[in-house]
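Trainee: Could you walk me through this model and the terms used for it?
Mentor: Gladly, let's look at it together.
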Amino acid sequence: MRRADKDDKPTVYQRVVLKNASPHHYMKIHLVLQDASTRLSAVELKQFIITGLKSLYGEVGAALNFDLLKYDEDTLTALLRVYSRGLVKLWSSLTLLGSYQNQACAFRVLQVSPFLLSLTGNSRDLQLD
Amino acid sequence: MRHRCVKPVGNRERRRRRQEAGSELEFKTHVCCCVSVFCCCRRVCSAKMDEALVRTRIPQDLEKVLGVESQTNAKAAAFTKAFLKKSIQQNSRHDLDGMLSHKAVILGYSRPKKDKVKRNSKRAKGLNARQKRAMKVFQIKPEHQRYELFLPLHELWKQYIIDLCNGLKPTSSPQFVQQKLLKADFHGAIITVVRSKCPSYVGTTGILVQEFKHVFKIITKEDKLKVIPKRNSVFAVEVNGFVSHIYGSRFEQRASERSAKKFKVRGTIDL
Amino acid sequence: MNMSVDLDQTPRSLLVCDWSSFLDDKNRVSSQVEQLHFNYKVSVLLPECSSAPAHLDSVLNSFSSFYLIRNLPIHELLDKQFLETAVYQGSVYGLSYRTRIDEDNCVALMPNGRLSLSLDKDSYQLLGVEGKPSRFSNRTNSRYVISIDLTDNSMAPGGRGYLRLLTGLMSRLHLTTDFLLSHHPGGGASLQPLLSRYDWSEHRPELHSHALTHLSCPELQSCDPHSFLEWLGAVDADISCENSSISFLSSLVCPEPKTTLSRVLRVSICGLLLPQDVHRLIQEIRCYLEQPQLESWLSLTVHGFVDSPVSWGGREHGVLRGGENFYTLLMFHDHTYHLHLATGAHDTCPP
């Protein structure tokens, strides 16, 4: 976390440039299951991700705090929030998570951003057909 | 005119006196020379005199004047001989005794070198690279740099390629044509740069006039002679509907050496 | 341990926070708004409102429509008639649709007449027009950017540069993409000659509004930028901020100190939006804020296109993990504002 450039003038004008200063990172993920009709609840999903963290990083890794901000059960898409320090750990454990209750599964990471606001304004969602 | 063989060292006064003496005898007064000066006198003397006069002793009063001392005949002869021997070069050629008794000893033996059999002495030796550059053999003069002049060459090349590939039918297999083209000569082909790391080369088309190790020299329709490096470019050659792409980076050999080179098979080539 | 240090690192992101006032002569909001050429989404948060005020509504509905051309060959953008009627008069905004900046070839036509092509290595080597490797490529240059000024003398129809680019696009590299096009101020009329030759469709920007009740809201004047943006994102994405500290699922809370708003209206509009329309909206919002009302602030967020080759002012833009380039303008009734401009890894600093 760093602060660069502080322009302080006698008037009200002030400009601050913050580089890599966001405390959290946000991920938009989509779970793809072999059996497309399986449904998970929010709690089950979070527990599933925690088991993934545990298998890759052990108990200390499983203690990584992340939040399931929003979950859509029908489409199995979720918004996660994690501390910036733990982004790589969470992402790598999502990548390597391969099976859920004896069926193959995969996590698709749709978007990652240090700003939650940008997850709502992704132009790749623009559908004009 | 009085002749002198040696520059007189002696006294000027003496010479004057000699002259006053009236004799036409001229002699050099050598420092180490004794009275018997008759040899030099013989050579240099312009006066005509008898031999007897030469061998006589110098008169007493003349001795006093000259400051010399006459020697006896025997001594004079010995001196003269010694002096002659010292001053005249011994010519070994006249040393017949020594030559007859001389024995030659062979110290080493070597066969005299035979002149190398000149193979093809009539063949032209050829020029080395420096001479070629000096003579500008490989440079095309500006008046010859016209596209129309090279079109017959292109027709010739097309015929050559068609013959090489046993008639370029649409049914010929690409592998066969490729093998033949790898060893073929491209002088006279119309080549186009299709892809290149340097964007300004892309699109240049022309007849290939010279192929060097690292560059192609082509002449474009606008009668411009362009030099295009082979590296990092892909060239397209078209014959009768067969379009071949040449990856220039792998083609960097002289045209003459390429016919002997084996090319490895590679999956994909990136520029 | 060394490994844990590497695992902590994330791609670089920049957040520029400007605090100033509209009344200050040196404020640069208008230039900052103008410079983001390609806007995808504008979302407005109106506190204590259940329905949009009339003026704002009319402005939102009067955003210019844009056109989508299917399979447009890019050399058509160099067509003489198009250049004369559209590019040289007014400003044309054009962007290739459904092309990903990190995978495919992308094309952008900026209002100042600059055409920017972001090509992958093979396409660049085929095209044969001078360009530069991308600023954000690693040691191996896999992406090249060609930037051409169509108003320049050498690019006049018939000029050398023009012919080279035209032959390149027509014969060597057949670049064809779906294209979003918009023109200011002429609208569709100046684009008609180009549109008529291809399969085109006109689209109006989509308007959505949503009313929320009982929303907790932080103290805006003193809130730190990241928490504010997080709260705003939560409101935009319908994420609940009421989580108890012992909740298993989420611990996202509204930043303290907070107040409660009884109703909040969220309006969003999506499409190819012109900066001039955004500017008009900002002016309208300022007028609205001058009226006396319950809450004295209003927030406006503008998102740029993720796959656009250019960001603010023609600067190169790329996608590493997420191609965010957006700005949020939080306006108060006393004409002061907080402006936050955010970019991702493959971007330079916003203006």
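Mentor: Let's start with angles: those under 35 degrees count as roughly parallel, over 145 as roughly antiparallel, 65 to 115 as roughly perpendicular and the rest as oblique. This is a predicted model, where local features need pLDDT of at least 70, side-chain atom pairs count only at pLDDT 80 or more, and totals for chains, interfaces and linings use all residues. Residues are numbered from 1 along each chain as its sequence is written, while chains are lettered from A and ligands numbered from 1 in the order in which they are written.

Trainee: Why are α3(C) and α9(C) called roughly antiparallel?
Mentor: Helix α3 (residues 54–61) of chain C packs against helix α9 (residues 275–290) of chain C at about 175°. Over 145 counts as roughly antiparallel, so that is what α3(C) and α9(C) are.

Trainee: What makes the contact between them?
Mentor: On α3(C) there are H55(C), L56(C) and V59(C), and on α9(C) R280(C), L281(C), E284(C), I285(C) and Y288(C). Two residues are in contact if their C-beta atoms, placed from the backbone, lie within 7 Å.

Trainee: How many helices and strands does chain C have?
Mentor: Nine helices and 15 strands; these are DSSP runs, helices being H or I of at least four residues and strands E of at least two, numbered from the N terminus.

Trainee: Which elements of chain C each supply at least two residues to the side touching chain B?
Mentor: The contact takes eight residues from chain C and eight residues from chain B. On chain C, α5 (121–127) and α6 (160–172) each supply at least two.

Key:
Axes are lines fitted to C-alpha atoms, for helices over the stretch in contact, and angles run from 0 to 180 degrees between N-to-C directions.
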